Amino acid sequence: MVDTTNQEAPKMSPAEEEELELSHTDKLVGVFSEPGNTFTKMSKFGAKTSDWIIPILVVIVVAILSNIVMMSNPVIKLSIMEKQMAQIEKQFDEAVASGQLTEAQKEEQMEVVRERMDQGMAANMIFTILGIVIFSFISFFVVSGVFYLFAKFLLKGSGVYRDAMSAYGLPMYVVVIQVIVMVIVALVMNKFFASLSVAEFLDADKTTIAGFLLNKLDIFSIWFYSIVSIGFAKMFKSEETGKYFAMIFGIWIGFGLIMFLLAKALPFLQWFGF
């Protein structure tokens with residue numbers, strides 16, 4: 001009988017080790033530590049559903065919990081109401097200026113709105129949770145599709161829609177960190193934060209062009225879209241990462257600017273954050 005107790009298992013070469021498919025945990029760590037190498041390895045094995053579905057579900061859960069935590073703080077809850085009331089009062093002021101309402105009628109309606117808003121906070125939370133779930137998935141598929149079309153037909157990339165979903169979905173872990181930090185900042189400052197942009201800290205008027213630009217100055221958003229740019233370049237088999245940065249950031253800022261201008265013409269869009 002041959003003694004095999006001292007025989008070692010055959011060792012794989014470095015090249016063979018590199019070809020091993022990454023686990024989702026490896027991808028999670030890699031998207032922060034070395035996104036370029038991570039997406040390059042992912043492109044060799046093809047996109048997986050877990051690359052985007054898990055990050056999105058985590059984002060949804062964290063976003064829902066963050067809303068519950070912030071709405072449990074009476075000071076933050078009041079600041080949200082006051083911000084909404086300020087927008088409503090602006091509309092009523094325009095009605096007074098045009099002669100549709102008197103000042104007394106305006107004050108009376110403002111009081112009614114405030115009472116209804118206070119009573120409906122619990123019901124609003126349910127709609128907020130449903131909105132987070134529905135909007136997260138819809139926006140993900142739409143934005144992934146837009147990025148895919150530009151990458152495929154404008155930049156002539158070789159990826160498919162599934163690759164675009166992975167390139168846009170895996171960096172969502174940055175959004176998770178963003179939401180957690182946002183909650184911590186909100187609790188420390190006793191103020192509701194919709195983002196961590198300069199505009200949010202300065203309470204800048206986002207209906208102005210200066211406010212729009214300051215709203216784009218968000219270190220987490222810039223970090224997120226930078227990783228998305230790298231992801232698309234690697235998943236679409238391109239060595240020219242720069243043009244993907246130009247595409248992703250161009251769409252992000254360009255679309256935001258279009259919605260900003262539309263909100264100027266159609267004020268009700270401001271309720272959607274545009």
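Lysine 156 counts as exposed because its relative accessibility is 66% (exposed means over 50% relative accessible area, buried under 20%, partly exposed in between, with a 1.4 Å probe and protein chains only). This lysine sits in the loop between helix 7 (121-154) and helix 8. Its phi is positive, about 60 degrees, although lysine 156 is not a glycine.

The model is predicted: local features need pLDDT of at least 70, side-chain atom pairs count only at pLDDT 80 or more, and totals for chains, interfaces and linings use all residues. Residues are numbered from 1 along each chain as its sequence is written, and side-chain values use heavy atoms, without hydrogens and water.

Next comes a helix pair. The axes of helix 8 (residues 161-169) and helix 12 (residues 219-235) come within 8 Å and cross at roughly 150 degrees. Helix 8 is therefore roughly antiparallel to helix 12 (angles over 145 degrees count as such). Their crossing is right-handed. Helix 8 contributes Asp163, Ala164, Ser166, Ala167 and Tyr168 to the contact, and helix 12 contributes Phe224, Val228, Gly231, Phe232 and Met235 (contact means heavy atoms within 4.5 Å). By class, this contact has seven nonpolar, two polar and one charged residues.

Now helix 9 (residues 172-189). At 1.5 Å a residue, its 18 residues should span 26 Å, and the end C-alpha atoms are 26 Å apart, which agrees. Its buried residues include Met172, Val176, Met182 and Ala186. Asparagine 190 follows helix 9, with a positive phi near 50 degrees.

Aspartate 203 lies in the loop between helix 10 (198-202) and helix 11 (209-216). Its phi is positive too, about 55 degrees. Aspartate 203 counts as exposed because its relative accessibility is 55%.

Notes:
Axes fitted to C-alpha atoms, helices over the stretch in contact; angles between N-to-C directions. Helix = DSSP H or I, 4+ residues; strand = E, 2+ residues; numbered from the N terminus. Parallel < 35°, antiparallel > 145°, perpendicular 65-115°, else oblique. Left-handed = near helix turned anticlockwise from the far one by under 90°. Nonpolar A, V, L, I, M, F, W, Y, C, P; charged D, E, K, R; others polar. Expected span 1.5 Å × (residues − 1).
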